Each structure stands twice: as structure tokens, then as C-alpha cells.
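Subject: A structure for you to explore

Hi there,

Here is the structure I promised to pass on to you. Have a look at it first, and then read on for a tour of what turned up.

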Amino acid sequence: MAEENKEIIDEKIDETLTDSEEMDQEETSTEEVIEEKDPISELEEKIQQLEERNLRLQAEVANMQRRNNLDRQEAAKYRSQKLATQLLDVVDNLERALETRSESEDAVAIKKGVEMVYNQLINAFDAEEIKVINPIDEPFNPTFHQAVSTLPAKEGQDKDVVVNVLQKGYSVHDRVLRPAMVIVSN
């Protein structure tokens with residue numbers, strides 16, 4: 001029995017020595033890995049990552065500036081849109097006033113004053129690039145025209161062509177302020 005105990009103790013000692021040798025080898029290999037990661041290469045990697053991040057941020061800032069400039073340009077381009085839309089009824093009423101007949105000298109003088117106001121308003125529209133949409137004899141386009149009625153096409157006349165304009169339309173640059181109210185041939 002003493003001999004058996006001695007063999008068991010020897011086996012335990014051998015196992016312990018083997019485990020401790022393996023641990024020493026693992027520590028040595030971990031140190032080698034740590035030593036392999038050179039602090040300079042780590043710093044170079046970090047610098048590269050920071051440079052890439054910096055470039056991405058610069059690109060993002062440039063994109064934001066470009067978008068901001070485009071937004072400002074568009075706002076300036078269409079700044080008169082709201083006011084012009086409100087003034088369209090005024091223009092229509094001035095045009096109706098100019099179409100009336102004037103018999104007396106007072107009426108002629110008033111009409112002359114209305115005509116001057118109308119011309120000033122039209123000049124202001126021109127300065128802001130507000131244009132009249134007057135599509136007589138043009139093909140019907142629902143983007144610029146609002147069909148109110150249809151008439152049978154006359155002989156030799158194409159279908160879906162504007163034959164009469166009931167109310168002028170207006171646009172500013174490439175936007176429609178008010179579509180022209182039209183009668184279309186069918």
C-alpha cells in the first residue's frame with residue numbers, strides 16, 4: 001500500500017510539473033505576442049484611423065456647406081412667390097378695370113392712373129421673373145393649365161389644344177404660381 005501511495009504521489013507530482021510547464025509556456029507565448037505588438041505600429045494604426053475619421057468629417061462638413069448654399073440660393077430664387085401669389089388677384093382686377101369703357105374725362109383720368117399702377121406691377125413681376133402663362137393654341141398641359149371646359153374641335157384643329165384662356169396663369173422661374181384656366185378642344 002505504501003508503494004501504491006508513492007506511485008500516486010509521483011503521478012500527482014508529474015501532473016503538477018506538467019501543468020506548471022504548460023503555464024510557463026503560455027506566459028512566454030503571451031509575452032511574445034505582447035512584444036510583437038510594437039507601440040509604434042499601434043500608434044501608426046491609431047494615426048491612420050484618426051486621419052480617416054478626419055477626412056470623413058471634412059467631407060461631411062463640405063456636404064453640409066454645399067446643401068446650405070443650395071438652400072439659400074433656392075430661397076432667394078423663390079422669395080417673391082408668396083407675395084406674387086397674393087397679388088395675382090390684384091393684377092386680374094386691374095386688367096378688368098382697364099377693359100371697361102371710359103366716357104367722361106374723369107373716368108379717362110382714373111383709367112390712366114389704373115394703367116400706370118398696372119404697368120408698375122407688371123414691371124415688378126418682370127424684375128422677379130414672374131411670367132404670364134398664356135397658352136392659346138398650345139397643347140393642353142395639366143402642369144401649366146387647368147381645363148375648365150371643352151369645346152368640339154373645329155375643322156382642321158387638333159384635339160387637346162387650348163382654344164380659350166379664361167384666366168391667365170403665372171409662373172416664377174420653373175414653378176407654377178397659378179395654372180391658366182382654359183377651355184380645351186376635344
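Before we start, one term: two residues are in contact, or touch, when they have heavy atoms within 4.5 Å of each other. Please also keep in mind that this is a predicted model.

Leaving aside residues up to four places away in sequence, Val91 touches Tyr118, Leu121, Ile122, Phe125 and Tyr170. Val91 is also one of the residues that touch the most other members of the largest nonpolar core, along with Phe125, Ile130, Tyr170 and Leu177. That core has 14 residues. Two or more of its residues come from each of α3, α4 (105-127) and β4 (169-172), and α3 gives the largest share, five residues. Apart from this core lies another one, of six residues, including Ile133, Val162, Val165 and Val184.

Now step back to the whole chain. The protein chain has four helices and six strands, and along the sequence they follow the pattern α-α-α-α-β-β-β-β-β-β. Of its 186 residues, 17% count as buried. Among the contacts with a separation of 6 or more, 65% are between residues 24 or more positions apart.

Which residues of α4 are buried? They are Val114, Tyr118, Leu121 and Phe125, and they pack against α3, β1 and β4.

After α4 comes Glu129, whose phi is positive, near 60°. Glu129 sits in the loop between α4 and β1 (130-133). Glu129 touches Ser171, Val172 and His173, not counting residues up to four places away in sequence. Ser171 is 42 residues from Glu129 along the chain, yet their C-alpha atoms are separated by 8.3 Å.

His173, one of those partners of Glu129, has a positive phi too, near 55°, and is not a glycine. You will find His173 in the loop between β4 and β5 (175-178), where it is partly exposed at 31% relative accessibility. Asp160 is another case, with a positive phi of about 55° although it is not a glycine. Asp160 lies in the loop between β2 and β3 and is partly exposed, at 48% relative accessibility. Why point these out? Most residues other than glycine have a negative phi.

One more loop residue is worth a click. Asn134 lies in the loop between β1 and β2 (145-151) and is partly exposed, with a relative accessible area of 45%. Asn134 and Val182 are 48 residues apart in sequence, but 9.3 Å apart in space, C-alpha to C-alpha.

Last, the largest pocket. Its volume is about 180 Å³. Which residues line the largest pocket? The lining consists of Asp92, Glu95, Arg96, Glu99, Val165, Leu166, Gln167 and Lys168. The elements that give two or more residues to this lining are α3 (81-99) and β3 (162-167), with the largest share, four residues, coming from α3. By type, the lining divides into two nonpolar, one polar and five charged residues.

Asp92 lies in helix α3 and is buried, with a relative accessible area of 6%; it counts as buried because the limit is under 20%. Leaving out residues up to four places away in sequence, Asp92 touches Gln167 and Arg178.

Enjoy turning the model around, and send me any questions you have.

Best wishes

Definitions and conventions:
Residues numbered from 1 in each chain as written. Predicted model: local features only at pLDDT ≥ 70, side-chain atom pairs only at ≥ 80, totals over all residues. Heavy atoms only, no water. 1 Å grid on protein atoms, 1.4 Å probe; cavity = no way out; pocket = protein on both sides within 12 Å on 5 of 7 lines; lining within 4 Å. Points joined across faces, edges and corners; volume = space filled by probe spheres on them. Nonpolar A, V, L, I, M, F, W, Y, C, P; charged D, E, K, R; others polar. Core = buried A, V, L, I, M, F, W, Y, C linked by side-chain atoms within 4.5 Å. Buried < 20%, exposed > 50% of the residue type's maximum accessible area, 1.4 Å probe, protein only.
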